[in-house]
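Please look over the sequence and the model shown here before reading on. The paragraphs after them are meant to be read with the coordinates open.

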Amino acid sequence: MGPVMIDCRSLSLQQDERDMLAHPLTGGVILFTRNYESVDQLRALVQDIREAAGKPLIIAVDHEGGRVQRFRPGFTRLPAMGQILQLTDNDNDADALSYACGVIMGYELKQLDIDISFAPVLDINGVSNVIGDRGFSPHPGVVSRLAGCLIDGMHAIGMPSTGKHFPGHGSVVADSHIDTPVDERDWQTIKQQDLVPFADLIARQKIDAIMPAHVRFAAIDDKPAGFSPYWLQTILRDKLGFDGVIFSDDLSMEGAAVAGTYPERAEQALAAGCDMVLACNNTAGALAILNGLPNTLEPSHRLSRLSGWQLSATAEQTYQQACEVWQRYES
């Protein structure tokens, strides 16, 4: 499976996109709101993507709930994860609602042959506006607990989880989509706060994939986490013992520009330890990566773990129960 995840520009595939899907380095596709008109249209697009690729492929989407839910009409409108505590009266209800959201998210996407939703957000709900209520809570322990319940719901359906944005994007104001955020805090502070949900959920073997942040932690390393061998190898792989897939965040984001041209960004991310790099919202940039990386690049053995997960035998019943839970809070 190739190490590059690309996107599509519209509701159906264009010829140049078919060519890119057939490229030996293409191993995934991420979908956006612009790719969605109806359930039937999306089902046909996903099928067309798989046929055009002619090989195993990871199809993904950001479908967290709240303001980051790419598909809406025909799908359950999920709450932002930061609203779960506001909607519920006690920990048990919050845990149940988080689990239900994971089930609903996973089931509705898997019905359309979409492999993964890039969720959950494990960032602390702190000063970052781009994270904001995408994060479960300002408290690391609560983030860990509720995210674990969401992951249990995803796993109950048959969908892998992706924890993001390692080691934490919630404690910087700047938005890495349009800026290069710098976090000046020391290691101990990060370890005791932002890193807690990642470390805990990895230790509990709940996280199947990780997406690092385009944030530079100046007191620790001079490279943003997604381009840093220190963060991805020394901390994530060696210290925390994570052996799942590492996805880069989108290489077209401003926070990735410090790594150079598009091929240079991809090369640095892969060299740092990413198994797959995302090249979205810039067709020329994605094409430059596909043409700039060597076709003989050794694919990561980890990527195949995320494709081909099947709906569980009890998925439909579990989904109906989850919908009943969410209906108590839906307004």
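What follows goes through the sheet, the helices, the nonpolar cores and the salt bridges.

This is a predicted model, in which local features need pLDDT of at least 70 and side-chain atom pairs count only at pLDDT 80 or more, whereas totals for chains, interfaces and linings use all residues. Residues are numbered from 1 along each chain as its sequence is written, and side-chain values use heavy atoms, with hydrogens and water left out.

Helices (H or I, at least four residues) and strands (E, at least two) are DSSP runs, numbered from the N terminus, and two strands are taken to pair if DSSP finds at least two bridges between them. On that basis the model has an open sheet of 8 strands with parallel pairing, in the order β6-β3-β2-β1-β12-β11-β9-β7. The edges are formed by β6 (116-117) and β7 (162-166), each of which has a single partner strand, so one side of each is left without a neighbour in the sheet. Strands of a sheet pair through backbone hydrogen bonds, either parallel or antiparallel.

β9 in turn pairs with β11 in the parallel sense over 2 bridges, with A209 having V245 in β11 as its bridge partner. The next step is from β11 to strand β12 (residues 276-278), again a parallel pairing over 2 bridges, where the bridge partner of F247 is M276. Taking buried to mean under 20% relative accessible area, exposed over 50%, and partly exposed in between (1.4 Å probe, protein chains only), 6 of the 6 residues of strand β11 (residues 245-250) are buried, so β11 is largely enclosed by the rest of the structure.

Helix α7 (residues 195-203) lies across β7 and β9 and runs at about 150° to β7, where axes are lines fitted to C-alpha atoms, for helices over the stretch in contact, and angles run from 0 to 180 degrees between N-to-C directions. In helix α9 (residues 262-272), the buried residues are Y262, P263, R265, A266, A269, L270 and A272; these pack against α8 (229-239), β11, β12 and α10 (283-292), contact meaning heavy atoms within 4.5 Å. Just after α9, G273 takes a positive phi of about 135°.

Two packed helices are described by the angle between their axes and the distance between the axes. For α4 and α5, the angle is about 35° and the axes are 7 Å apart. Among the residues that meet across this pair are D95, Y99 and Y107 in α4, and R145, L146 and L150 in α5. The side chains of D95 and R145 also meet in a salt bridge (2.7 Å, N to O), a salt bridge being a side-chain nitrogen of Lys or Arg within 4 Å of a carboxyl oxygen of Asp or Glu. This pair links distant parts of the chain, with D95 in helix α4 and R145 in helix α5 (residues 140-157), 50 residues apart. D95 is buried at 17% relative accessibility, while R145, at 24%, is partly exposed.

A nonpolar core is a set of buried Ala, Val, Leu, Ile, Met, Phe, Trp, Tyr and Cys residues joined through side-chain atoms within 4.5 Å. Of the 91 residues in the largest such core, L31, L42, I49, I114 and F166 touch the most other members, and α4 gives the most to this core, with 9 residues. Leaving aside residues up to four places away in sequence, the contacts of L31 include L42, I49, F71 and I114. A second, separate core of 16 residues includes A60, F118, F247 and M276.

How many salt bridges are there by the rule given above? The count comes to 22. One of them joins D113 to R50, with the closest N and O atoms 2.6 Å apart; this pair again links distant parts of the chain, with D113 in the loop between α4 (91-110) and β6 and R50 in helix α2 (residues 39-53), 63 residues apart. D113 is partly exposed, at 39% relative accessibility. E17 forms a salt bridge with R9, the closest N and O atoms being 3.6 Å apart; E17 is buried, with a relative accessible area of 2%, whereas R9 is partly exposed at 37%. Finally, D62, E64, R70, R134 and K164 are linked in a network of salt bridges.
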